[in-house]
Amino acid sequence: MTVYTDSLSNLRNYREDYYKIAVTTFLSYPLQTKVDAWFNEVAPSRQLSEKIEKKEITWDEFAASYHIEMVTVAAQSKIKWIKDFSKNKDVVLLCHEDEADPRCHRHILKKIIEAKAMRN
């Protein structure tokens with residue numbers, strides 16, 4: 001099976017055969033009821049998100065900081081869970097940014113999950 005990424009605005013495109021995981025810091029209640037899980041532990045911290053939104057850091061600095069945030073026990077637990085779960089069912093990681101935007105943490109997260117899968 002595979003890990004995919006997409007925007008929450010495309011949520012309606014995913015049927016029951018995908019396990020839909022929101023990987024955002026904030027998620028409205030209506031969206032919470034439409035996803036299978038919400039893993040805010042793998043979303044960038046509020047401070048990091050604000051820095052990139054305010055253009056206080058570059059995308060490369062954001063990516064490096066996000067990688068550091070993903071070594072916490074909570075994040076590693078969710079990353080392992082996604083990796084293991086995706087062995088049996090397709091998973092889609094969902095966030096607010098447009099899917100065509102390469103500057104979304106979900107693309108980095110997917111690479112982290114895939115790298116973990118290759119190591120184990």
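Colleague: Is Trp-81 buried, partly exposed or exposed?
Modeller: In this predicted model, Trp-81 counts as partly exposed, because its relative accessibility is 33%, and buried would need a value under 20%.

Colleague: And how are the rings of Trp-81 and Phe-85 arranged?
Modeller: Their centres lie 4.6 Å apart with the planes at 10 degrees, so the pair is stacked; the two residues are 4 apart in helix α4, which separates them by about one helical turn.

Colleague: What else does Phe-85 pair with?
Modeller: Phe-85 also forms a tilted aromatic pair with Tyr-19, at 4.5 Å centre to centre and 50 degrees between the planes. Since Tyr-19 belongs to strand β2 and Phe-85 to helix α4, that pair ties together parts 66 residues apart in sequence. Tyr-19 counts as buried at 17% relative accessibility, whereas Phe-85 is partly exposed at 26%.

Colleague: Which residues make up the aromatic cluster there?
Modeller: Tyr-19, Phe-39, Trp-81 and Phe-85 form one cluster, and Lys-78 lies over the face of Phe-39, at 4.4 Å from the ring centre.

Colleague: Switching to the sheet, what is the strand order?
Modeller: The open sheet has 4 strands in the order β1-β4-β2-β3, with parallel pairing, and its edge strands are β1 and β3. Helix α4 (residues 73-85) lies across β1, β2 and β4, running at about 165 degrees to β2.

Colleague: Which residues does Leu-109 touch?
Modeller: Leaving aside residues up to four places away in sequence, Leu-109 touches Val-23, Val-42, Tyr-66, Ile-79 and Leu-93. A second, separate core of 10 residues includes Leu-11, Tyr-14, Leu-27 and Leu-31.

Definitions and conventions. Residues numbered from 1 in each chain as written. Predicted model: local features only at pLDDT ≥ 70, side-chain atom pairs only at ≥ 80, totals over all residues. Heavy atoms only, no water. Pairing = 2+ DSSP bridges. Contact = heavy atoms within 4.5 Å. Axes fitted to C-alpha atoms, helices over the stretch in contact; angles between N-to-C directions. Core = buried A, V, L, I, M, F, W, Y, C linked by side-chain atoms within 4.5 Å. Buried < 20%, exposed > 50% of the residue type's maximum accessible area, 1.4 Å probe, protein only. Phe/Tyr/Trp six-rings, centres within 6.5 Å; stacked < 30°, edge-to-face > 60°. Lys NZ or Arg CZ within 6 Å of the ring centre and 35° of its normal.
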